[in-house]
Each structure stands twice: as structure tokens, then as C-alpha cells.
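Open the model in a viewer and keep the selection panel at hand. The stops below go from a pocket to the helices around it.

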Amino acid sequence: MRFLVWLAAGLAGGLLGGMGMGGGTVLIPILTILCGVPQHLAQSVNLLSFLPMAALSLRVHARGGLLDARGTPWMIIPATALSFVGAAFVQGISAGALRIGFGVFLCLLSLYQFASGVRSLRPR
């Protein structure tokens, strides 16, 4: 049974990651809630699984003509630098605080997506 939960986590994370929506949004909660994985470990598993997912989805999007790399260096450079800062910052935070912070982030993201969806339904 546990294998099926891990498989579902991989499928959901891969599907969302391939769509560019961030597989960790689903993968981290599945690992922590359903599999009992500590928050730090779930986040590291998510980061590690992101590498092959990103490479494959990048190739598919490029083949489909959906890749616009003009502004990429302006995103990659600060994102890479700040990933080191974030990784160092997280080392000193407890798993409980990370779980709460990630939960708050997901709630805010959900509210934003909901509001965006409601706005898109309004007649113009």
C-alpha cells in the first residue's frame, strides 16, 4: 500500500512539474502528510526529483515551440544566488515551522488562484 502512495506522489508531482505548475506543491504535502516524511527530507526529495522532471519537460516545451528564453539569464542568476541563501536559511528552522510556513504559502497561493479564476469569469 505504501508503494502506491509513493507512486501517486511521483505521478502527481511529475504531472504538475511537467505542466510548469511546480510539482512540489503536491509532492511535499503528500510526502509529509501521507508518508510521514519529515519536512526537510520532503523538500530535499522534491528538489532532487525536480532535476529530471525539469530536463524532460524543458525538452518537450522547446519542441512544442513554447520556450521563450530571452529573459532567462535575468531569472537564473538571482534565482541561483538566492537558492543558496534559502538553503542556508532553512537549515536553522525547525520542521514544524517549515510545515506551517509552507502551509501558509499554499493557502495564500490557493486564495490568489481562486481570485484570479473568479476575475476571469466576469464578463468584460
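What volume does the largest pocket have? The largest pocket has a volume of about 950 Å³. On a 1 Å grid over the protein atoms alone, a pocket is an open set of points where a 1.4 Å probe fits, with protein on both sides within 12 Å along at least five of seven lines, and lining residues have an atom within 4 Å of a point. Grid points are joined across faces, edges and corners, and the volume is the space filled by probe spheres set on the points.

This is a predicted model, in which local features need pLDDT of at least 70 and side-chain atom pairs count only at pLDDT 80 or more, while totals for chains, interfaces and linings use all residues. Residues are numbered from 1 along each chain as its sequence is written, and side-chain values use heavy atoms, with hydrogens and water left out.

**Whole chain.** Colour by secondary structure: the protein chain has five helices and zero strands, in the order α-α-α-α-α. Helices (H or I, at least four residues) and strands (E, at least two) are DSSP runs, numbered from the N terminus. The C-alpha trace spans about 40 × 35 × 30 Å along its principal axes.

**Pocket lining.** Select Gly24, Gln43, Asn46, Leu47 and Phe50; of the 31 residues that line the largest pocket, these lie nearest its centre. Helix 1 (2-18), helix 2, helix 3, helix 4 (72-91) and helix 5 each give two or more residues to the lining. Helix 3 supplies the largest share, twelve residues. By class the lining has 14 nonpolar, 17 polar and no charged residues. Here Ala, Val, Leu, Ile, Met, Phe, Trp, Tyr, Cys and Pro count as nonpolar, Asp, Glu, Lys and Arg as charged, and the others, Gly among them, as polar.

**Helix 2 with helix 3.** Show these two helices, whose axes are 9 Å apart at an angle of about 140 degrees. Axes are lines fitted to C-alpha atoms, for helices over the stretch in contact, and angles run from 0 to 180 degrees between N-to-C directions. Helix 2 and helix 3 are therefore oblique to each other (under 35 degrees is roughly parallel, over 145 roughly antiparallel, 65 to 115 roughly perpendicular, and the rest oblique). Select Gly24, Leu27, Ile28, Leu31 and Thr32 in helix 2, which meet Gln39, Ala42, Gln43, Val45, Asn46 and Ser49 in helix 3; contact means heavy atoms within 4.5 Å. This contact has five nonpolar, six polar and no charged residues.

**Helix 2 with helix 5.** Next, select helix 2 (residues 24-34) and helix 5, which pack at about 140 degrees with axes 12 Å apart. Gly24, Thr25, Ile28, Pro29 and Thr32 of helix 2 meet Arg99, Phe102 and Leu106 of helix 5. Four of the contact residues are nonpolar, three polar and one charged.

**Helix 3 with helix 5.** Finally, show helix 3 (residues 39-63) and helix 5 (residues 95-121), whose axes come within 8 Å and cross at roughly 60 degrees. That angle makes helix 3 oblique to helix 5. Select Gln39, His40 and Gln43 of helix 3 with Ala95, Leu98, Arg99 and Phe102 of helix 5 to see the contact. Its residues divide into three nonpolar, three polar and one charged.
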